[in-house]
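Me: I would like to learn how to read helix packing and a few local features from a model. Please take them one at a time.

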Amino acid sequence: MDRIVIEGGRPLHGEIRISGAKNAALPLIAATLLAPGWHTLHNVPNLRDTRTIMALLQSMGVQWQWEPDGPLRINSEHLVGNEASYDLVKTMRASILVLGPLVARLGCARVSLPGGCAIGARPIDFHLRGLEKLGCTIDLQDGYVAARIDGRLQGNTVTFDIPSVTGTENILMAAALAEGDTVIKNAAREPEIGNLIDMLILMGCAIEGCGTDTLVVHGMRELRPAEIAIIPDRIETGTYLMAVGAAGGEVVLRNCNPEHLPSLLEKLQAVGLEIECGADFIRVARSAPLQSADITTMPFPGFPTDLQAQFMALMSISTGVAVIHENIFENRFMHVAELRRLGAEIRVDGHTAIVTGVDRLHGAQVMATDLRASASLVVAGLAAEGSTIISRIYHLERGYADLVAKLAGVGAAIRKEKEPS
Ligand code: UD1
């Protein structure tokens, strides 16, 4: 197993190129199941999660080609399977994204139930209820969801209790091949959903309401392959912005979209970072001590839960007290115990963490517990005095392309090495 070693306290200077968004690549790859023929996806990040979903598609007979740094080309013409096994789903919950497209195209699909995960129970009931609304019969057998429909899915109104990102994506994809119109109410509005809608439109489906919480999908009997680019990863962007905030220095992030981070950018300015945005870049610099600011995680355009842990790391070295309220997931404070090992002063009360800034953090051995929690340890490690050693970094590799190289490229003393046995 690998680990990351950071010698903290060095300011960062230079440029970082942001990769394509993991959370957009996964649904867009799943959407290729809807139409036979060669699809071309540009800017797909080379990550453990994107490789996992490709292994899943390949197990169903999907052909694909992916040259290093080139587009990912996918053809689902000859599907020979319709099942996502427990072995794959347990490593990546987002495998549930194949359920909607498979049942829409083939009339039946089996996907393992994801089970719990580090950040909470994360049920999939909204996905299943939505598919039932479109006419599917859903059975839960032997740890699997079996979905089936005789003939085509039927358009209907699907209302989410609370906006679900992958739930909205699953219903959008299923509705694209349904007979008639589907109205999705209280839909999630994350930019990754806009990317998926753009792809479905290129595939020949008419969809209204993009960017709003009511989507109208005019289902088609057949769809055609598409060529599209994955949007920049806003969570990777936000993580590097906060890395610079923690370490100090001045960095330009290229190939990103500032419009996808409205609430984070506002908070970072409030805590005293200098932020300058262009159409596809953000320059960030820290020239004054960090102030504190409170956040509450919310669906887009609110503060993303996927950046909460990194913001907590940043607030650990602010000059005040920050109140962080986690509103999306029930168990997303696993990083608190690890940040405390670095000297952070954090008190947790239910879904709220109260962070009292300290003058400096000190390097220590810590353990990555989930994807974004791991990123917060990197942010904190860059600020800490001395060596921070982060083990179990396979979590990080699910969602950050070339993290060590990108940070080393702007002057961080960071390296990956084998865990001693
Ligand atoms: C997606 C993102 C994840 C992000 C999360 C919230 C992907 C691949 N993952 O996860 O990085 O942290 O959005 O922005 O895009 N819920 C239910 N029943 C359901 C579905 C969701 O109760 O059937 C609840 C969840 O427990 C959670 C809330 O709804 O409290 C939002 O979750 P959701 O948006 O569905 O998260 P994911 O799509 O799994």
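Predicted model: local features only at pLDDT ≥ 70, side-chain atom pairs only at ≥ 80, totals over all residues.

Me: What describes two packed helices?

Reply: In general, packed helices are described by the angle between their axes and by the distance between those axes. Here helix 5 (residues 125-133) and helix 6 (residues 165-176) pack at about 20°, and their axes are 9 Å apart. Angles under 35 degrees count as roughly parallel, so helix 5 is roughly parallel to helix 6. The crossing of helix 5 past helix 6 is right-handed.

Me: At what angle do helix 4 and helix 6 pack, and how far apart are their axes?

Reply: Helix 4 (residues 99-106) packs against helix 6 at an angle of about 15°, with 7 Å between the axes. Helix 4 is therefore roughly parallel to helix 6. The two cross in a right-handed sense. From helix 4, Leu99, Gly100, Pro101 and Ala104 meet Asn170, Met173 and Ala174 of helix 6. This contact has five nonpolar residues, two polar and no charged. Asn170 and Ala174 of helix 6 are in the contact with helix 5 and also in the one with helix 4.

Me: What are the angle and axis distance for helix 10 and helix 12?

Reply: Helix 10 and helix 12 (residues 371-383) pack at about 25°, their axes 7 Å apart. That angle makes helix 10 roughly parallel to helix 12. Their crossing is right-handed. Helix 10 contributes Ala309, Gln310, Ala313 and Leu314, while helix 12 contributes Arg372, Ala373, Ala375, Ser376, Val379 and Ala380. By class, the contact of helix 10 with helix 12 comprises seven nonpolar residues, two polar and one charged.

Me: Now the ligand. Which residues around the ligand come nearest?

Reply: There are 18 residues around the ligand, and Asp125, Ser164, Thr166, Asp306 and Ile328 come nearest.

Me: Which backbone atoms lie 2.7 Å from an oxygen atom of the ligand?

Reply: For polar contacts, look at pairs of N or O atoms within 3.5 Å. A backbone N or O atom of Phe126 is 2.7 Å from a ligand oxygen. Val165 likewise has a backbone N or O atom 2.7 Å from an oxygen atom of the ligand. A polar backbone atom of Pro123 lies 3.2 Å from a ligand oxygen.

Me: Turning to the backbone itself, which residues does a cis peptide bond join?

Reply: To read this feature, look at omega. The cis bond joins Phe300 and Pro301, with omega at about 10°. Pro301 sits in the loop between strand 18 (295-296) and helix 10 (308-315).

Methods: Residues numbered from 1 in each chain as written. Heavy atoms only, no water. Axes fitted to C-alpha atoms, helices over the stretch in contact; angles between N-to-C directions. Helix = DSSP H or I, 4+ residues; strand = E, 2+ residues; numbered from the N terminus. Parallel < 35°, antiparallel > 145°, perpendicular 65-115°, else oblique. Left-handed = near helix turned anticlockwise from the far one by under 90°. Contact = heavy atoms within 4.5 Å. Near = heavy atom within 4 Å. Polar contact = N/O pair within 3.5 Å; in protein donor to acceptor, adjacent residues only side chain to side chain. Nonpolar A, V, L, I, M, F, W, Y, C, P; charged D, E, K, R; others polar.
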